[in-house]
Amino acid sequence: MKLNDYKALYASEAEEILQALENGVLGLEGDADYASCVDDLFRNAHNLKGISGAMGYDFVVEASHSLENVLDRLRREEIKISPSKINLLLHAIDLLRKLVQYAVDGGEKIDSENLLGEILVSLSPMCVKPGGDGRVREGEDTIENEGNCDTDEFDKEADSEGAEGEASKTEEQRSAELPAPEETALSAGDGFSPGITSIRIDIERLDRLMDLVGELMIGRIRLGGIAHEQGNKQLLNEIESSGRLITEIQREVMEARLVPVEQVFQRFKRLVRDISSELGKKVELRTVGAEIGLDRTVLESMIDPFVHLIRNAIDHGIETPEEREALEKDPCGKISLSARRERNFVILEIADDGQGIDLAQVKKKSSPIDITESGDTDLSEEELCRILATPGFSTSRTIGRYSGRGMGMNIVKKVVDSFGGSMRLQSEPGNGTVVSLQLPVNLSIIKALLFRVRNDIHALPIEYVRETTRMEMASLRSYRGHKMLETKEGFIPVVKPWEVLGLPSDQEDIRYVKVIIVDTGEGSVGLLVNRIIGQQEIVIKGLPELLRGINGISGATILGSGKISFIWDPRVLFQGRCLDEFNKEAVVLEN
Amino acid sequence: MGEERAKDKRNIGIQLVTFRLGSEYYGTPVWMVREIIRPIEVFQVPGMRGPVEGVINLRGVIIPVLKIHAVLGAPCSDSSEVGKKQRIVILDSGDGEFGFMVDDVMEVVRVASEDVKPPPEMGATPSGQDAILGIVQLSGRLIICIDPRQLVTGCMDLGELTESCTE
């Protein structure tokens, strides 16, 4: 391993620790078990000191040491925690993060000293002796701190006799007093305890592995094609069994790449706290299903959208404590982030118990932007969603620090769309708003039904296929200009893909047609196709930048033959604009 | 890196890959061109309006192909000669690769920077105007120099435009 590798490892470990520290401090504020919270914090600070020491980042060692001191006092309950102390601790953690960044990336030396000074200053109010019962040793330490922290001089002596000498000494003391947590910290620091059960792997390596498995699958599909052509049964059997192995490998790699939603959710605790305190609102954040795994790429891209959604929820949704009390609501608003898995999707949801979306206001504001006004005062869920996602749409009259530009929901929708996901929005005036984002668990490999439209092969994720059938063209019924198909559940509309593709039809005069009955969860629709090819596992390739955001297309794949096939997203295609367009076209034709 | 090299080239002139679109001649700085391939199957993108003709499978990578004639307002290819000499020029826009079909690739020529003249003023600004670097006269031909990266951004605007128009 090169030094840079160690650095990267250090950086990611340190970030994890800092994140844990931050959450721990936030936990002190909540009703979490105080003692174990402080113990965890102390252990984390100690770990940071340990790994920084191993890298020779003395200034980080020094800073985390002083944090450790403060935490130790908290643990002994020599000082009491208060909101202002939490702010100080958070501030110190922020500075510590900068210091770590400096250690990894390098930069002006003066920065690190200034930062260190700042950390010590920010912690110093907590180092003041509460009364006469403070330990002599620590008392000296604090005085030293206070005396030197604003001149950037605080370093060498405090470091030599303070950090090292004191650390070892107090550690002995501590282990005598509180053996349990300290032991864990020590054994963690020692590294190779027997039975290491997990290792760290560079995510790039996993990505590479995923790509390779993808190529392997394409290769297998190609081989299968050749064997099929030759009619070699033995070869087909072999390919079949190796195919099962490849599928197994693929599943394992895919699972390994999944990241628990927790990793993103936990970042929002701080955000919620900061925004709500600035806006003078009280908000409690709850998370559900944080252990659900999601593709790393998808999850990382969801951070921005969620920041927007959280801002919206706090700024537009949650009322001020006074307003809430007047409404006989709990003065403390609630935002819940939840994750759950549904088939091959993960649903991420943010719900608030605020005032909901003012439909009348949306309606009023939307008329100049949106031309499809239906006249009635009720907005359907989809309409509402579409209007809110229009760039520049905002019900806010002023542009605030957190919202008002009207870009937030548009960004959310764009990101979700780019992964072939979808967004739903439900709002109940007075009771809050729920925004659900449906995202694919995996971006890489899915099962799909392949079908032919004219000369092109298209793919439809198998989850959406209810059944396939062959039927007489003449059995289609016409309803207000739409062809309808009779099923057990009643009449469903029929969509002709060549019309969506803008191709002339070559099927109108055909007697029999193949129909894929597509179930989008919100309704069914019959898709008329030339030929149904069959079910296949396909490797999803990302769409080129230029093609992102096409309605109804969630991705593309390269088939064994080298042909490119597009993966349809029926939910957008049938629920969204395309059907609207058919309707509009129909109206135009009637006129 | 590209920029620097472009500057270097400007001092001693520009090397242009010249190609034909219908009856017009175009040139693109040679360093912008990644490769030129014989036509391969172009797959139509469902629901795609705007300036993308389709996509090609270039060794396992999906690359969009532009309707460059439409974007630049160049005359359409003469259908009688379609095929034989057509090529797909692949470029890297920085945001990813893209290609466009040309009717013939001519040659690589070196022109002096001062020979490149600003494009003539047009009444209304036609689409793709940002992509025009200038014009140069060379052995009796007018060669229109284009910057493909601008072509793509121009193209995206056009795409959004077409989309918002149809909405």
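The model is predicted, and local features need pLDDT of at least 70 while side-chain atom pairs count only at pLDDT 80 or more, although totals for chains, interfaces and linings use all residues. Residues are numbered from 1 along each chain as its sequence is written, chains are lettered from A and ligands numbered from 1 in the order in which they are written, and side-chain values use heavy atoms, with hydrogens and water left out.

## The two chains

Helices (H or I, at least four residues) and strands (E, at least two) are DSSP runs, numbered from the N terminus. Buried means under 20% relative accessible area, exposed means over 50%, and partly exposed lies in between, with a 1.4 Å probe and protein chains only. A contact means heavy atoms within 4.5 Å.

Chain A has 21 helices and 18 strands, and of its 591 residues 47% count as buried. Among the contacts in chain A with a separation of 6 or more, 69% are between residues 24 or more positions apart. Chain B has three helices and 10 strands, which follow one another from the N terminus as α-β-β-β-β-β-α-β-β-β-β-β-α. Of the 167 residues of chain B, 43% count as buried, and of the contacts in chain B between residues at least 6 apart in sequence, 57% join residues at least 24 apart.

Two packed helices are described by the angle between their axes and the distance between the axes. Here the axes are lines fitted to C-alpha atoms, for helices over the stretch in contact, and angles run from 0 to 180 degrees between N-to-C directions.

| Helix pair | Residues | Axis distance | Angle |
|---|---|---|---|
| H2(A) and H3(A) | 34–55 and 58–75 | within 9 Å | roughly 160° |
| H9(A) and H10(A) | 203–230 and 233–257 | 10 Å | about 160° |

The angle makes H2(A) roughly antiparallel to H3(A), and H9(A) and H10(A) are likewise roughly antiparallel to each other; angles under 35 degrees count as roughly parallel, over 145 as roughly antiparallel, 65 to 115 as roughly perpendicular and the rest as oblique. H2(A) passes H3(A) in a left-handed crossing, and H9(A) passes H10(A) in a left-handed crossing as well. A crossing is left-handed if the near helix is turned anticlockwise from the far one by less than a right angle, and right-handed if clockwise.

Where H2(A) meets H3(A), the residues of H2(A) include Tyr34(A), Phe42(A) and Lys49(A), and those of H3(A) include Val60(A), His65(A) and Leu71(A). By class, this contact of H2(A) with H3(A) has 11 nonpolar, five polar and five charged residues. Ala, Val, Leu, Ile, Met, Phe, Trp, Tyr, Cys and Pro count as nonpolar, Asp, Glu, Lys and Arg as charged, and the others, Gly among them, as polar. In the second pair, residues including Leu206(A), Met210(A) and Arg220(A) in H9(A) meet residues including Leu235(A), Ile246(A) and Met254(A) in H10(A). The contact of H9(A) with H10(A) has 16 nonpolar, four polar and three charged residues.

## Nonpolar cores

A nonpolar core is a set of buried Ala, Val, Leu, Ile, Met, Phe, Trp, Tyr and Cys residues joined through side-chain atoms within 4.5 Å. The largest has 61 residues, and those with the most contacts inside it are Ile516(A), Phe100(B), Ile146(B) and Leu151(B). Strand E14 (residues 512–519) of chain A gives this core its largest share, five residues. A second, separate core of 46 residues includes Phe306(A), Leu309(A), Leu337(A) and Met409(A).

## Single residues

Asn57(B), in strand E4 (residues 52–58) of chain B, is buried, with a relative accessible area of 17%. Leaving aside neighbours within four places in sequence, Asn57(B) is in contact with Ile558(A), Gly562(A), Ile564(A) and Ile40(B).

Most residues other than glycine have a negative phi. Glu328(A), however, has a positive phi of about 60°; Glu328(A) lies in the loop between helix H15 (321–326) and strand E4 (333–342) of chain A and is exposed, with a relative accessible area of 77%. Ser139(B) has a positive phi of about 35°, sits in the loop between strand E9 (132–138) and strand E10 (141–146) of chain B, and is exposed, with a relative accessible area of 68%.
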